[in-house]
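Here is my note on the model you sent. Please read it with the structure open.

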Amino acid sequence: LDIDPKGETVDEVKNTVPKATRKKVNELAEGDQQVEVFGGIIDVFGPVYFEICPDCGKRARMREDQYVCEKHGPVTPSYSFVVSFNLDDGSDILRVVCFRELAASLTKKKIDDVLALRGQDEALAKLRQSLMGEFVVVSGSTKRNSMSQAIELTCRGIERDVNVQKE
């Protein structure tokens, strides 16, 4: 295997990821892919922290008296987190779920800074409050929540500091 062989060139690489389709919340359906929604944050939940395998990042679960990764066996876990929020676009309300990097992006904090807030109830309450009323554009895919039976969006992209007048 030659890396960067002499005389070889690569033409422009084009992004083949399809552009997200803008929809209203009341237009979303279960299984929508590459959709985006603009709206205001009206409720924030989390961050909820959970244990992950330090090697592969998959969920580590407590079994008997130790955390176990299905791939790597017993581990000393690292932590990750999820933040969810309700988004109101005027047509309906949508639950949006953001994991780790996107949750940190939502909060405008570094991942380590969000992890450092674990167990600090007052700081977490302030963080949630700071997001209330913010307008965002979120993109991702939809699925039906097995508990609530409502459509929710798993976030794959989030835009903060949105120009509300332009939207």
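1. Ground rules. This is a predicted model, where local features need pLDDT of at least 70, side-chain atom pairs count only at pLDDT 80 or more, and totals for chains, interfaces and linings use all residues. Residues are numbered from 1 along each chain as its sequence is written, and side-chain values use heavy atoms, with hydrogens and water left out.

2. The largest pocket. Its volume is about 250 Å³. A pocket here is an open set of points on a 1 Å grid over the protein atoms alone, where a 1.4 Å probe fits, with protein on both sides within 12 Å along at least five of seven lines. The volume is the space filled by probe spheres set on the points, which are joined across faces, edges and corners.

3. Its lining. The largest pocket is lined by 15 residues, and those closest to its centre are Val82, Val97, Phe99, Asn145 and Glu152. A lining residue has an atom within 4 Å of a point. By class, six are nonpolar, five polar and four charged. Nonpolar covers Ala, Val, Leu, Ile, Met, Phe, Trp, Tyr, Cys and Pro; charged covers Asp, Glu, Lys and Arg; the others, Gly among them, are polar.

4. Where the lining comes from. At least two lining residues come from each of these strands: S2 (35-52), S6 (78-88), S7 (93-99), S8 (135-144) and S9 (151-159). Strands (E, at least two residues) and helices (H or I, at least four) are DSSP runs, numbered from the N terminus.

5. Salt bridges. How many does the structure hold? There are five. Each needs a side-chain nitrogen of Lys or Arg within 4 Å of a carboxyl oxygen of Asp or Glu. Side chains of opposite charge can pair when their charged atoms come close.

6. Glu36 and Arg22. Their side chains form a salt bridge at 2.9 Å, N to O. This pair links distant parts of the chain: Glu36 is in strand S2 and Arg22 in strand S1 (residues 21-22), 14 residues apart. Glu36 is buried, at 15% relative accessible area. Arg22 is partly exposed, at 38%. Buried means under 20% relative accessible area, exposed over 50%, and partly exposed in between (1.4 Å probe, protein chains only).

7. Two further bridges. Asp32 and Lys23 meet at 3.1 Å, N to O. Asp32 is buried, with a relative accessible area of 13%, and Lys23 is partly exposed at 23%. Glu30 and Arg144 form a salt bridge at 3.2 Å, N to O. Arg144 is partly exposed, at 36% relative accessibility.

8. Asp89. Look at the loop between S6 and S7, where Asp89 lies. Asp89 is buried but has no salt bridge; Lys24, the nearest side chain of opposite charge, is 4.6 Å away. For this count, Lys and Arg are positive and Asp and Glu negative, while His and the chain ends are not counted. What does the side chain of Asp89 reach at 2.7 Å? It reaches the backbone nitrogen of Val25. A polar contact, also of 2.7 Å, joins the side chains of Asp89 and Ser91. Such a contact is a pair of N or O atoms within 3.5 Å; within protein, one must be able to donate a hydrogen and the other to accept it, and residues adjacent in sequence count only if both atoms are side-chain atoms.

9. Backbone points to check. Gly46 and Pro47 are joined by a cis peptide bond, with omega about 0°. Pro47 is in strand S2. Arg100 is not a glycine, yet its phi is positive, near 25°. Arg100 lies in helix H1 (residues 100-107) and is partly exposed at 22% relative accessibility. Lys108 also has a positive phi, about 60°, without being a glycine. Lys108 sits in the loop between H1 and helix H2 (111-116).

10. Distances along and across. Gly133, in the loop between helix H3 (121-131) and S8, is 90 residues from Asp43 in sequence and 8.7 Å from Asp43 in space, C-alpha to C-alpha. Ser78 and Lys108 are 30 residues apart along the chain, with their C-alpha atoms separated by 22 Å. Ser78 belongs to strand S6.
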